[in-house]
Amino acid sequence: MSRAGRLAIGTLGLALAVFALAPAGSTAAAGQDAKKAVWDGSRTTPAHLIPLRDENDEPIIPTETNPLPYSARFTCGPCHDYKTIQGGWHFGAMTATRNGRPGEPWLQVDTKTGTVLPLSYRKWPGSYDPKAVGFTAWDFTLLFGRHLPGGGPAEPSDEKVRADPASRWNVSGRAEINCLACHNKSGRQDPSEWAKQILRENLRWAATAAGGVGEVGGMASRLKETWDVYDGPNLDDHEWAVVPSVKYRSVDFDSKHRYFFDLNYQPSDDRCLACHSVSPKDAAQWSADADVHSTAGLKCADCHRNGLGHAIVRGYEGEAAETGNRTAESFTCRGCHLGLNEAGEKSVVPGRLGAPFPKHTGLPLVHFKRLSCTVCHSGPKPIEGFTRVRTSRANRLGIYGVAMWSTDLPVVIEPVYAEVAGQKIAPNRLVWPAFWAKMSGKDVVPLKPEDVEAAAGDILKPEERIARVLVALSQVMAEDEVPVLVSGRFVFAPNVDGGIDASVRAGAKADTPALWGIRKGEEVLPLVPEFDPAAADKDAAVETRFLEFLQALGTVPLAPGQPAIVVKKTLYRLVDGFLEMSEAPAELAEASGPCWLAEGKFLPLGSDFDLRTVTAKAGTEQTLTEEQVALVLAALAKSGENTDFVYISGGRMFRLGKDGKLASKSDAAAEPVTWPLAHNVRPAQQSLGWKGCTDCHSGGSDFFFTKLRGTGPLLTANVENRSAASFMGLGGLFQRFFGLSFITRPLFKVILAVCAIVIGSLVFLAGLLLLGRLAGFLEKR
Amino acid sequence: MLFTIVALLSVVGVVAGLTFHRFWTTREEARSTIIYVEIFKKYLAWLALRTIQSARKASPKAWWDYVKALPSWRLPDLEKWLFIGFYGSFAYLAASGFFFAIFVPRGLYGFPLVGHVMAGGLFAACLAVIVIFKGRNFISVPKPVNLSLALLDPRKMGITAARVKFAAFWLFVLAGFLLALTALLPMLPLLRTAGQRFMFEFHRYSALVSAVAAAVYVDLELFESGRPC
């Protein structure tokens with residue numbers, strides 16, 4: 001045989017061997033994986049007394065010095081395939097090929113720039129891709145990690161870490177999927193601790209701390225970007241830049257250093273509600289009802305179940321067809337209660353989990369065709385308009401601590417009945433987006449708040465400037481005194497956060513001129529009292545007070561000039577730390593009060609713009625005035641980019657006209673963002689229609705005719721105003737007419753019944769007559 | 001879909017039956033042969049010719065003249081308005097109901113639905129009055145029958161145009177009763193979803209029966225009395 005022939009045979013033999021062995025190897029691996037995923041049939045949850053492993057797959061000895069936090073990937077992964085889980089609903093948004101029915105987007109809220117920007121890695125209508133807006137995975141994790149269960153953007157690949165040198169993944173580590181966030185049965189599981197650790201950039205430590213596995217100290221956010229977890233403690237700093245460290249709870253370890261995890265196979269409702277709570281704003285906790293399913297004893301995970309892939313059943317119609325998971329059909333309302341699939345076929349076994357079969361007596365069929373079950377059964381009833389709610393993720397609920405974490409903004413409204421993707425009408429939650437953007441052709445590209453702030457300069461900071469003055473003055477106030485600014489109907493006082501709080505001043509008029517004062521009890525006294533510097537018997541204590549005020553005002557950061565006080569043509573100011581009194585210049589002859597002295601000019605303590613702005617916004621939730629928006633748009637236009645800049649708020653798009661004035665118009669980008677709601681499901685007796693058709697069909701029903709005004713950070717009258725019917729794609733005129741027809745409907749029914757009885761009786765008689773004659777009975781008689 | 005097929009087949013059947021009846025009773029060539037195929041060919045030729053003739057004659061003015069010539073206009077006022085209400089409501093009910101049922105997947109909705117409901121009330125009221133005051137004119141007096149195999153022979157059943165017209169009238173009244181009933185019951189808190197669905201379908205088929213009965217009655221009433229078409 002030639003050399004070439006031997007080579008060919010050898011190569012062929014090698015290829016055959018590889019071919020023969022490869023399937024065997026992969027089959028064995030698949031068999032092992034399958035074994036982990038296959039249920040042995042026992043309905044018990046095994047005790048999880050397992051060795052902890054760190055992110056390097058090294059065993060953790062809790063008593064060692066500076067042990068690393070445990071890693072779910074290597075601690076849980078050996079039995080529960082981590083890669084499979086990574087594709088789950090809660091972790092796979094960035095890589096998902098299917099978006100599913102729209103859900104709640106992440107809402108970036110920044111009050112200073114008036115931003116309420118919906119973000120989602122899933123391509124849902126109205127939401128922006130964080131990457132397109134300029135958010136890296138690092139930004140996203142720090143913004144929303146508080147309510148992320150780890151994984152996904154919080155656990156980027158090595159490539160992504162290298163691609164974002166500005167991030168601090170090397171210091172913080174990555175927040176792996178936090179299995180305990182859902183499956184921990186222990187009451188030690190603490191979502192608040194998770195949020196705190198995320199904000200401290202202790203990402204790799206967060207799961208250990210939140211799960212109560214160990215106590216974590218230190219803050220990665222204070223460490224230099226060059227720090228590495230293998231560098232160990234910072235020997236030079238034990239107070240500020242303290243390296244994160246874990247002190248494990250030793251009582252939960254056995255002698256073999258195995259840790260006892262107290263776990264649930266099905267997460268308890270508390271775990272779900274940590275991120276998925278929704279409650280009416282300002283409602284008292286004791287008055288809030290739970291979902292009727294919860295009240296009946298069901299857990300969230302009874303319906304929203306999943307396999308190892310964590311592709312959680314969301315329970316909406318059409319999900320089964322979308323995902324190919326036919327089991328999902330059983331967990332829609334119609335599947336569970338009626339045994340119907342999406343097409344209305346009786347292909348599903350009804351009554352799972354004891355679901356009762358609804359009677360729906362007297363309910364016309366069109367309701368089933370046009371409405372989802374949740375219209376009548378879910379969310380608050382549309383009585384007296386829409387309900388403003390707060391959600392965990394939008395309003396940062398469920399994070400407890402010394403600081404107040406929850407926020408009133410953004411404004412989330414429900415139930416807004418709207419058609420979902422041309423299908424049925426369903427109740428939705430709604431948010432009006434608000435953000436600054438630049439136009440790229442016809443596309444609207446949102447700007448990051450920090451970019452807007454940088455371009456806006458001082459325009460967005462009138463509250464800060466007023467607050468700085470008041471905070472400075474508060475240094476020299478007596479215990480019962482509070483420095484205040486009185487302007488219009490409001491009194492502004494400094495708060496503990498270094499901002500200002502506005503309160504209404506009883507009886508004050510809107511055009512009350514601004515006055516810097518001191519509040520003592522209920523009384524507000526002027527900061528500069530009636531005082532005659534030229535008087536022979538002047539009160540020396542007043543001038544001493546002036547000295548204190550001027551010294552305090554001298555500490556105001558970024559002040560436009562030297563502080564001064566003008567009283568009756570006399571100017572007081574500090575010279576070399578001493579109070580100097582001189583004749584006030586002619587321009588201040590009529591002035592009285594504190595001011596700034598800058599380059600020979602006298603400036604008021606609070607500029608007209610600042611006073612006008614804070615007074616206009618006082619007592620409202622709005623954080624921007626039209627004047628501010630116009631100024632910021634002008635500032636953005638000067639930033640160099642040759643493009644149009646716009647601001648979106650309250651359902652309108654604002655831009656500067658050629659005349660320099662602010663103009664608004666409707667635009668698709670300003671449309672509200674909606675996502676269907678399904679909970680809370682109300683008891684049957686509280687469903688719409690329980691009291692009859694007029695629950696919805698009446699001349700002025702809230703269901704159809706409640707008005708929804710656009711809300712946003714901008715204080716303006718230019719907002720969208722829509723009726724509930726318009727969201728359903730229905731004509732208001734017809735619904736009003738149709739609703740009014742229900743006034744005469746009882747009479748109509750009576751007439752129809754009488755007619756039917758008369759006609760039926762006569763037909764019956766005619767039939768009898770015919771039968772009698774055919775039989776010859778009538779002739780005989 | 002099933003309803004659409006049944007409705008179309010019914011229309012075809014009624015038109016074929018009525019036209020064949022006219023052909024059979026008015027044309028001499030119908031009896032010129034006993035071969036079915038020949039009869040059928042002659043029928044088709046006649047039908048095509050009449051269709052073309054009718055189409056040529058048809059115009060809005062011709063229709064308006066025809067409507068004006070109807071005897072209903074010469075009835076006493078009360079009776080006249082009763083029949084106007086009755087015919088008008090039935091015409092709207094049939095037009096709106098069948099159009100939406102056959103051509104609009106969503107079915108009847110919006111203002112046409114409101115009109116349908118209102119016309120339904122008017123129709124039921126008019127029908128009730130007509131049955132009370134005119135029903136007696138449609139009671140035939142058949143002879144008592146004797147039990148024999150002759151009962152099964154159509155030629156000996158005594159089927160005449162007049163009797164078919166009476167039967168069509170009572171069938172129409174029966175369908176009207178069912179229409180009123182199937183409209184009323186779903187509005188009452190009595191029926192569950194399955195019952196509602198049954199009533200919905202029953203309403204449609206009752207409407208189809210009433211339309212067929214009306215067509216037969218009108219054809220026999222107008223054409224048998226020798227009125228121009």
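How many residues of chain A are in contact with residues of chain B? In this predicted model, 32 residues of chain A are in contact with 38 residues of chain B, where contact means heavy atoms within 4.5 Å. The model is read such that local features need pLDDT of at least 70 and side-chain atom pairs count only at pLDDT 80 or more, while totals for chains, interfaces and linings use all residues. Residues are numbered from 1 along each chain as its sequence is written, chains are lettered from A and ligands numbered from 1 in the order in which they are written, and side-chain values use heavy atoms, with hydrogens and water left out.

The size of an interface is often given as the accessible area lost when the parts come together. Chain A and chain B bury about 3,200 Å² between them, with 79% of it on carbon and sulfur atoms; buried area here is the accessible area (1.4 Å probe) that two parts lose on being put together, summed over both. On the side of chain A, the residues that lose the most area to chain B are L365(A), L752(A) and I759(A), which together make up 18% of what that side buries.

Chain A contains 27 helices and 30 strands, counted as DSSP runs (helices H or I of at least four residues, strands E of at least two) numbered from the N terminus. Its radius of gyration is 35 Å, well over the 28 Å that the globule rule gives for 781 residues, so chain A is more spread out than a compact globule; the radius is taken over C-alpha atoms, and the rule is 2.2 Å times the number of residues to the power 0.38. The C-alpha trace of chain A spans about 135 × 110 × 60 Å along its principal axes, and buried residues make up 44% of the 781 residues.

Two residues, one from each chain, are set side by side below, with buried meaning under 20% relative accessible area, exposed over 50%, and partly exposed in between (1.4 Å probe, protein chains only).

| Residue | Relative accessible area |
|---|---|
| E201(A) | 10%, buried |
| F20(B) | 31%, partly exposed |

E201(A) sits in the loop between α9 (191-199) and α10 (203-210) of chain A, and, leaving aside neighbours within four places in sequence, its contacts include W138(A), R168(A) and S221(A). F20(B) belongs to helix α1 (residues 2-26) of chain B and touches I39(B) and Y43(B), not counting residues up to four places away in sequence.
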